[in-house]
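Here's a quick tour of one protein chain for you. Have a look at the sequence and the 3D picture, then read on.

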Amino acid sequence: MDENYDVIVLGKCLTECILSGVFSVEGKKVLHIDRQDHYGGESASLSLSQIYQKFRQGETPRQSLGRDRDWNVDLIPKFLMANGELTNILLHTNVTRYLEFKQIAGSYVFRDGRIAKVPANEVEAIRSPLMGLFEKRRMKRFFEFIGNYKEGDPSTYQGLNLDRNTMAEVYAKFGLEPGTRDFIGHAMALYLDDSYINKPAREAIERILLYVGSMARFGKSPYLYPLYGLGELPQGFARLSAIYGGTYMLDKPIDEIVYEDGVAVGVRSGDEVARAKIIIGDPTYFPGKVRKTGSVIRAICVLMHPIPNTDNSDSVQIIIPQNQVGRKHDIYVAMVSSAHNVSLKGHYLAMVSTIVETSNPINEITPGLHLLGPILEKFIGVTDLYEPIEDGTKDHVYISKSYDATSHFETTTDDVRDIYERIEGKPLVLQKRPENDDENFTAYE
């Protein structure tokens, strides 16, 4: 460890692993250290015994749950958008060669006390039980607008200026009801709350287009999931970094960040010091340089059946929009199963999560828990969310944000690009590697 490096990365969360891989490919000498003995950090996939150790120290898993190695339990509930930025990064770096993906079987939304499939085009809108006859016609016209919209072609704008008109004005133009606006904004554009409604519509329309395009890529749903759990993602980027000369150290404590004249120049572990001009890490390594932005509650639930009313799907996402349950933030339900090599055969893993709003967070996820049916085991944790106070350009310490409550990785890749640009002074541009072929990227049904 007593060497000089270009970049030192602390923590094995996905954000840090992507940056480690990107900088290694660019020819930088990278040292990547984690105090834990496994990959993934907050985005790790743990074995059954590790889950019990984390949430119920001293307890042993019940024998009916089988072998330890049958389980890869995610700590956060996230899926990949099929056309999303993380998928693009995986393709361009060729990390897809280390991973296999499976489609998530269904995307659902909770409305008026029941769950229903989220329509993603005009045909599905006409069939959807979420709307009455006249609202279906209005929704069909909205989807036609989305499908025909082309940037730079004013004839497709229908008189709207997406940089000036708000999303509320777009909804009003098509006469959409509040309940329809709910599932468009929260189950398609995937906003956590309603603050987007009075902002220019461009971002919301782009999010809807991402959902629709992701849906069209493989069918069934817009979401993908890596076999063996989300922990495979950081491991894939770690392999990429190692191929390009990156050095990895697991189970290595960091005792001190070394500063000279207020600028970070390295890290110390015991008597060893590694030096670098750039230090990247997750918030847990820099408690004095981050601020708390909120908390998220997550309940990991073991089931012996699919979630009721989801057509016996082996995997689903269900979004409960805030207005449906009188909250300020949505509740998310994500479920995967033994079909994804994350649980014992015949078992399902569901996670219910939301941003904490009260002093009784368990009550806040009750509407999501009620959708699951009988629960065999339940592990509940509340995690604080942090973001850096400064941008790192002064002290050369670049800190990632905590994983938010969103159900996808788009905000994570935004953070990757933001950190890269702050370090390099230019946007991250991924050059497609010649040995990679987009056509070979598939997701199993």
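What follows is a short briefing on a sheet, a helix, a lysine and a glycine.

First, the ground rules. This is a predicted model, where local features need pLDDT of at least 70, side-chain atom pairs count only at pLDDT 80 or more, and totals for chains, interfaces and linings use all residues. Residues are numbered from 1 along each chain as its sequence is written, and side-chain values use heavy atoms, with hydrogens and water left out. Helices (H or I, at least four residues) and strands (E, at least two) are DSSP runs, numbered from the N terminus.

**The sheet**

- Seven strands make an open sheet with mixed pairing, in the order β8-β7-β15-β16-β17-β14-β18; two strands pair if DSSP finds at least two bridges between them.
- At the edges sit β8 (114-117) and β18 (377-388), each pairing on one side only.
- From one strand to the next, the twist averages 20°; axes are lines fitted to C-alpha atoms, for helices over the stretch in contact, and angles run from 0 to 180 degrees between N-to-C directions.
- Helix α7 (residues 178-188) packs on the sheet, where α7 touches β7 (106-111) and β15 (316-320); contact means heavy atoms within 4.5 Å.
- The direction of α7 makes about 140° with that of β7.
- Strands β16 (residues 331-337) and β17 (residues 348-355) run antiparallel and are joined by seven bridges.
- Met-335 stands opposite Ala-350 in β17.

**Helix α1**

- The twelve residues of α1 (residues 14-25) reach 16 Å from first C-alpha to last, close to the 16 Å expected (1.5 Å times one less than the number of residues).
- Eleven of those twelve residues are buried, meaning under 20% relative accessible area, while exposed is over 50% and partly exposed is in between (1.4 Å probe, protein chains only).
- Among the buried ones are Leu-14, Ile-18 and Phe-23.
- Just after α1, Gly-27 has a positive phi of about 95°.

**A lysine without a partner**

- Lys-12 lies in the loop between β1 (4-10) and α1.
- Although buried, Lys-12 has no salt bridge (a side-chain nitrogen of Lys or Arg within 4 Å of a carboxyl oxygen of Asp or Glu).
- Asp-34 is the nearest side chain of opposite charge, 5.4 Å away; Lys and Arg count as positive and Asp and Glu as negative, with His and the chain ends not counted.
- Not counting residues up to four places away in sequence, Lys-12 touches several others, including Cys-17, His-32 and Tyr-248.

**An exposed glycine**

- Gly-425 is in the loop between α12 (410-424) and β20 (443-444).
- Gly-425 counts as exposed because its relative accessibility is 64%.
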